Amino acid sequence: MTASAWNQEQLFSTTEKGSERWETPDSLFKALDAEFGFDLDAAADEQNSKVQRYITREENALSVDWSERGSTVWLNPPYGRDIPLWMSKAYEESRKGVTVVVLIFARTDTRWWHDYASKADEIRFIRGRIHFKRADGHTGPSTAPSSVLVFSGGDEPPKVSHVELPRK
């Protein structure tokens, strides 16, 4: 597999060449799954789902009640212009008693970060860049730093930490 960096066209396009669908690296997911025990993947398809139960694009996860399908939700949302909607949904589902763990760019300069990430119970800044997998099998470092947000319905200020990526 060839490593290559992402570009804006790839990040925000829905064409075959550039897709919003980036598969979570297995090592990162396995470490988080061992901690949380996910029972629902809120943004997946048959090829990239990380758990047995998942919500597909066709089902429109933004309009589905996640609390009816699982109690501990994994979310690696489509990295596109709808990120604010996904962050709002993750926060709202956590208010129903669902724990939602989100892999997301650490875009601390954006409105959605201040409106929703700051409401997470935990913010884990990941050291280094994640290497996502594209549908064609290529990998490459992301264009921005990433974080893991944990929404579990609390009302306290978030616990902030810095974590190392699991390495093979």
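Biologist: Quick one to start: is D155 buried or exposed?

Modeller: Exposed, because its relative accessibility is 64% and the cut-off for that label is over 50%. Bear in mind that this is a predicted model.

Biologist: OK. And which residue does D155 form a salt bridge with?

Modeller: With R95, and the closest N and O atoms are 2.8 Å apart. That pair links distant parts of the chain, since D155 sits in the loop between β7 and β8 while R95 sits in the loop between α3 and β3 (99–105), 60 residues apart. R95 is partly exposed, at 36% relative accessible area.

Biologist: How many salt bridges are there by this rule?

Modeller: The count is 11. One of them joins D26 to K50, with 2.6 Å between the closest N and O atoms. This one also ties together distant parts of the chain: D26 belongs to helix α2, K50 to the loop between β1 (40–41) and β2 (72–75), and they are 24 residues apart.

Biologist: Why does K50 count as buried?

Modeller: Because its relative accessibility is 17%, and buried means under 20%.

Biologist: What about D39, which residue does it form a salt bridge with?

Modeller: R53, with the closest N and O atoms 3.8 Å apart. D39 is in the loop between α2 and β1, R53 is in the loop between β1 and β2, and 14 residues separate them in the chain. D39 is partly exposed at 22% relative accessible area, and R53 is also partly exposed, at 43%.

Biologist: Which residues are linked in a network of salt bridges?

Modeller: D65, K89, E93 and K96. K89 is in helix α3 (residues 83–94).

Biologist: Switching topic, where is T24?

Modeller: T24 is in the loop between α1 (8–12) and α2 (26–36). It counts as buried because its relative accessibility is 3%.

Biologist: And what is T24 in contact with?

Modeller: Leaving out neighbours within four places in sequence, its contacts are F29, K50, W74, N76, L103 and F132. K50 is the residue that pairs with D26 in a salt bridge. F132 is 108 residues from T24 in sequence, yet the two C-alphas are 5.9 Å apart in space.

Biologist: Let's zoom out. How many helices and strands are there?

Modeller: Four helices and eight strands. From the N terminus the order is α-α-β-β-α-β-α-β-β-β-β-β. Of the 168 residues, 49% are buried.

Biologist: How do the strands pair, say β4 with β7?

Modeller: β4 (residues 122–127) and β7 (residues 146–151) run antiparallel and are joined by four bridges. R124 stands opposite V148 there. β4 also pairs with β8 (residues 159–164), in the parallel sense, over six bridges. In that pairing I126 faces V163.

Biologist: And what share of the contacts join residues at least 24 apart?

Modeller: 69%, taken among contacts between residues at least 6 apart in sequence.

Biologist: Last one: what does the accessible surface come to?

Modeller: About 8,800 Å², with 46% of it belonging to carbon and sulfur atoms.

How values were computed. Residues numbered from 1 in each chain as written. Predicted model: local features only at pLDDT ≥ 70, side-chain atom pairs only at ≥ 80, totals over all residues. Heavy atoms only, no water. Pairing = 2+ DSSP bridges. Helix = DSSP H or I, 4+ residues; strand = E, 2+ residues; numbered from the N terminus. Buried < 20%, exposed > 50% of the residue type's maximum accessible area, 1.4 Å probe, protein only. Contact = heavy atoms within 4.5 Å. Areas by Shrake-Rupley, 256 points an atom, 1.4 Å probe, with all protein chains shown as cover. Salt bridge = Lys/Arg side-chain N within 4 Å of Asp/Glu carboxyl O.
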